[in-house]
Amino acid sequence: MIKRTLNFSNPCYLKKKDMQVSIGFPEHVGKPDASVPIEDIGIMVLDHPQITLTQALISALSDNNVAIINCDAKHLPNGLMLPMFSHHAFTEKIYEQLESSLPLRKNLWQQTVIAKISNQAAMLRSIGADDGKMQYYLKLVKSGDPQNVEGRAAAYYWENLFGNKSNFVRDRDEDGINAMLNYGYAILLAVVARALVSSGLLPAVGIHHRNKYNPWCLASDIMEPYRPYVDRIVLQVSEEFPESGELTPEIKRRLLQVPVADIEIDGKKSPLMVGISRTTASLSACFGGVSRKILYPEFS
């Protein structure tokens, strides 16, 4: 089942009522509250300082593996709440992840980098850009990517994604397109982290990322091949709103479509949120010694 992404950007009061999220607005006093079944929700975005949630609702959302994102004063996601236990064999899965061998993790990262560069190359082809250099980089990726081919390919990718004359530079602190990318990637990170928890894995313990200040290292690893799906949406939005220097409600609405973007894994099409669950389940199988291949999407 495709889960819904709810975005709240106005003052409201959220509470649990009969396994529904009951939504009350200050300006609707005396009117019936709107409601959404909790079981239908995958992600909830809180984007206003005057939003109130009850503890009963938070607990029910956690029980149903809902990722809760809160935004800062600039309306950018800056917090993520996930359930602690969403898998029946949580402890066993954690030990398998923590005890995984270095050669296995290096191989998994190699697969991840190859999938990412392949999808970035496909993204460039889709807009008529030359992907010859990306194909060259693909041949250089070794176990663990010791030559940082991922970073070299990314530099070429950003130089050409928005047109080689745009002078675009990927900078997380900038506005405009960079802010759109930040927002889209934050939604993607939440989807990936939610799926990892559901597969019994710790989002903080990565196969490659080791930043002690990053609590989502594994999510940061696994989201890499999925980034071009966000990039495609941002590219389309930037072309439709070329003068927009900020994240308008309409732009955010478009970026919230990331979880339902169409993807294809092993010839099977599905929404991105469903596909990521297949990816994290395959990763769990790798840690458990059942498989050595992560299922990643092929961008088209």
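The points below go from the basis of the values to the whole chain and then to one residue.

1. The model is predicted, so please keep in mind that local features need pLDDT of at least 70 and side-chain atom pairs count only at pLDDT 80 or more, while totals for chains, interfaces and linings use all residues. Residues are numbered from 1 along each chain as its sequence is written, and side-chain values use heavy atoms, with hydrogens and water left out.

2. Ten helices and ten strands make up the secondary structure of the chain, where helices (H or I, at least four residues) and strands (E, at least two) are DSSP runs numbered from the N terminus. The radius of gyration is 20 Å, close to the 19 Å that the globule rule gives for 300 residues, so the chain is as compact as a globular protein of that length; the radius is taken over C-alpha atoms, and the rule is 2.2 Å times the number of residues to the power 0.38.

3. Of the 300 residues, 51% count as buried, that is, under 20% relative accessible area with a 1.4 Å probe and protein chains only.

4. Met123 has its place in helix H3 (residues 102–126) and is buried, with a relative accessible area of 1%. Leaving aside residues up to four places away in sequence, Met123 touches Tyr157, Leu161, Pro228, Asp231, Arg232, Leu235 and Phe299, a contact being heavy atoms within 4.5 Å. By C-alpha atoms, Met123 is separated by 39 Å from Ile23, which lies 100 residues apart from Met123 along the chain.

Notes:
Buried < 20%, exposed > 50% of the residue type's maximum accessible area, 1.4 Å probe, protein only.
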